[in-house]
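Okay, thanks for making time, everyone. I'd like to walk you through the packing in this one, so let's get it up on the screen.

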Amino acid sequence: GDVPPPPGGVERGAAAAGRRRLSEVSDDTTAPVDERVRRALGVGCEFLGRPEGHVKRTAAVPGAVVGQTNPEAELIATGTELDHPGFCATTVESAGSLAVANAAAEGDESNPGYTDHGVAWYLGAPITVDGETYGTVCFGSPEPRDGSFTPTERTFVELLAATLGRLFTRTEYADAVERSRRKYRSLDDTAGDAVVLVDRERGEVVEANAAAAALFSTTTDALVGRLHE
């Protein structure tokens, strides 16, 4: 007959599959970042058996829920601005994940996440972007868990947070490049001098005006992409 898997074998197998899917999401540079965030959250939802997962930004928009997987969220809807910290406040201060299997039984019955939103169990991890706390990724349920969270579950959510951090890093980088390009175009409209915009991270020219092209006896198209020397 069939040999039953060893204890924890099913969970470890699911975690390995989830890690592969997160890697695929991270590597898929053709899809918009917001779509990849939803896909990453969906991987976490499937692994934890929850219908919704959240990204809560605690930086420029304190406490705002900026992404989730279910438009008819059971707990907190997309775009909700939280005027209290809840479990995520503790999460952003932690070095790893925060796991609460039964809020009422674990001394968290006064936490706003439990009293105002009915989150009986919570699992989240801080998202870091360029060394700064961006927010949290978290999952919850209105019903307490029968048992505590396993090390595999906590590690998986930490991996998910790291994946999201990389995605948001790319978003911030792309926004910075676009701001620089807009500034360059503004200068280019009025400048008679040669203007070249260089991406210092990659060390290559990303924009150049006609005066710069004339200075180097080439075209603007030929300058773009050239390594800066």
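Let's start with helix 3, residues 86-93. Its buried residues pack against strand 1 (54-57), strand 3 (98-100), helix 4 (112-115), strand 4 and strand 5. Contact here is heavy atoms within 4.5 Å, and buried is under 20% relative accessible area, exposed over 50%, partly exposed in between, with a 1.4 Å probe and protein chains only. Helices (H or I, at least four residues) and strands (E, at least two) are DSSP runs, numbered from the N terminus. This is a predicted model: local features need pLDDT of at least 70, side-chain atom pairs count only at pLDDT 80 or more, and totals for chains, interfaces and linings use all residues. Residues are numbered from 1 along each chain as its sequence is written, and side-chain values use heavy atoms, leaving out hydrogens and water.

So which residues of helix 3 are buried? They're Gly-86, Phe-87, Cys-88 and Thr-91. They sit on the same side of helix 3, because they cover an arc of only 135° around the axis (taken from the directions from the helix axis to the C-beta atoms).

Now the cores, meaning sets of buried Ala, Val, Leu, Ile, Met, Phe, Trp, Tyr and Cys residues joined through side-chain atoms within 4.5 Å. The largest nonpolar core has 28 residues, and Val-137 is among those with the most contacts inside it. Helix 1 (9-27), helix 2 (33-48), strand 4 (121-129), strand 5 (132-141) and helix 5 (151-190) each give it two or more residues. Phe-87 belongs elsewhere: a second, separate core of eight residues, which also includes Val-100, Ala-103 and Val-119.

Last one: Leu-215, in helix 6 (residues 210-215), is exposed, at 59% relative accessible area.
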